[in-house]
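User: Hi! Could you walk me through this model?
Analyst: Happy to, let's have it up on screen.

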Amino acid sequence: MDKLPNYQADFRSIRDEVSAAEWQARVELAACYRLIDYYGMTDLTYNHITVRVPGPEHHILINLYGLLYKEITASSLAKIDLDGNIVCKPDTDYYVNKAGYIIHGAIHRARPDVRCVIHTHTRAGMAVAAMKCGLLPISQTSIRFEGHIGYHDYEGPAVEREEQERLVRDLGSHNALILRSHGLLTCGPSIPEAFNLMYQLELACRTQVDAMAARTDLVLPSKETLATTAHLYQPGTRRPYGILEWPAMLRLLDAEQKNSAFPPYSS
Ligand SMILES: [Zn+2]
């Protein structure tokens with residue numbers, strides 16, 4: 001009889017086997033998975049969040065395919081190169097999803113300013129991704145994306161390398177992308193900033209779905225107000241959004257973990 005696959009989800013700590021900088025990146029990335037879960041942005045075990053490992057090798061950390069975001073720990077993450085080759089991963093039959101590194105690898109390769117990429121399939125994100133009008137600037141939360149978001153047309157599941165250049169083209173220099181008929185993507189120079197932007201984009205999409213479902217005419221600010229407001233929310237204008245908020249996010253996770261049977265993200 002064939003051996004059953006090893007789909008255990010308890011992972012031994014590799015803290016002593018990686019550099020301090022890589023461990024820090026692992027803990028932050030695991031925290032980000034937990035936060036995406038906490039704020040209701042998961043899709044069973046699908047999707048990925050990736051971060052570039054500090055150092056010259058251009059390696060990225062990614063989740064094993066098959067774990068809940070609630071189960072992801074610093075030690076459970078796989079390290080891959082930008083072509084999807086495994087550099088190291090836990091001793092388990094869980095593997096790395098090809099569509100993950102097609103989307104994430106393309107952006108990490110093309111955008112050296114980006115350290116973290118987040119992709120989701122939320123109900124509100126998919127709803128707005130299905131709307132011809134795209135994301136509307138109907139709230140302060142969504143106005144920050146006015147002129148600062150790209151759109152990528154659907155080509156089927158992202159498993160072909162040829163799609164990578166079109167993904168990169170459609171993202172351009174933005175940090176947010178709506179994948180038509182598919183979902184949302186944000187990226188940023190750090191995990192806290194990419195997470196904060198995804199939180200804002202998700203909230204903007206939820207708000208738009210609610211407002212449009214009310215079947216009434218919507219108010220849009222003037223072009224000048226939109227442009228000024230969008231500018232005021234860019235990371236270089238006032239402050240990089242997400243950095244101030246991050247310690248509070250970690251306190252939230254630490255408090256949540258006290259009542260959780262799932263392993264601590266920092267293990
Ligand atoms: Zn996807």
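**Around strand β7**

Analyst: Leu177 stands opposite Leu185 in β8. This is a predicted model: local features need pLDDT of at least 70, side-chain atom pairs count only at pLDDT 80 or more, and totals for chains, interfaces and linings use all residues. Residues are numbered from 1 along each chain as its sequence is written.

User: How many bridges join β7 to β8?
Analyst: There are 4, and the two strands run antiparallel. Strands are DSSP E runs of at least two residues, helices are H or I runs of at least four, and both are numbered from the N terminus. Two strands pair if DSSP finds at least two bridges between them.

User: Which residue takes a positive phi in that hairpin?
Analyst: Ser181, near 60°, in a hairpin with 3 residues between the strands.

User: And which way do the β7 side chains point?
Analyst: Ala176 and Ile178 point one way, Leu177 and Leu179 the other, and all are buried. Buried means 20 or more other C-beta atoms within 10 Å of the residue's own, with C-beta atoms placed from the backbone.

User: What stands opposite Ile178?
Analyst: Tyr151 does. Strand β6 (residues 150–152) runs parallel to β7, joined by 3 bridges.

User: Switching topic: why does the span of α1 agree with what it should be?
Analyst: At 1.5 Å a residue, its 19 residues (20–38) should span 27 Å, and the end C-alpha atoms are 27 Å apart, so the two agree. The expected span is 1.5 Å times one less than the number of residues.

User: What comes just after α1?
Analyst: Gly40, with a positive phi of about 70°.

Conventions
A residue is buried if 20 or more other C-beta atoms lie within 10 Å of its own, exposed if 12 or fewer, and partly exposed in between; C-beta atoms are placed from the backbone.
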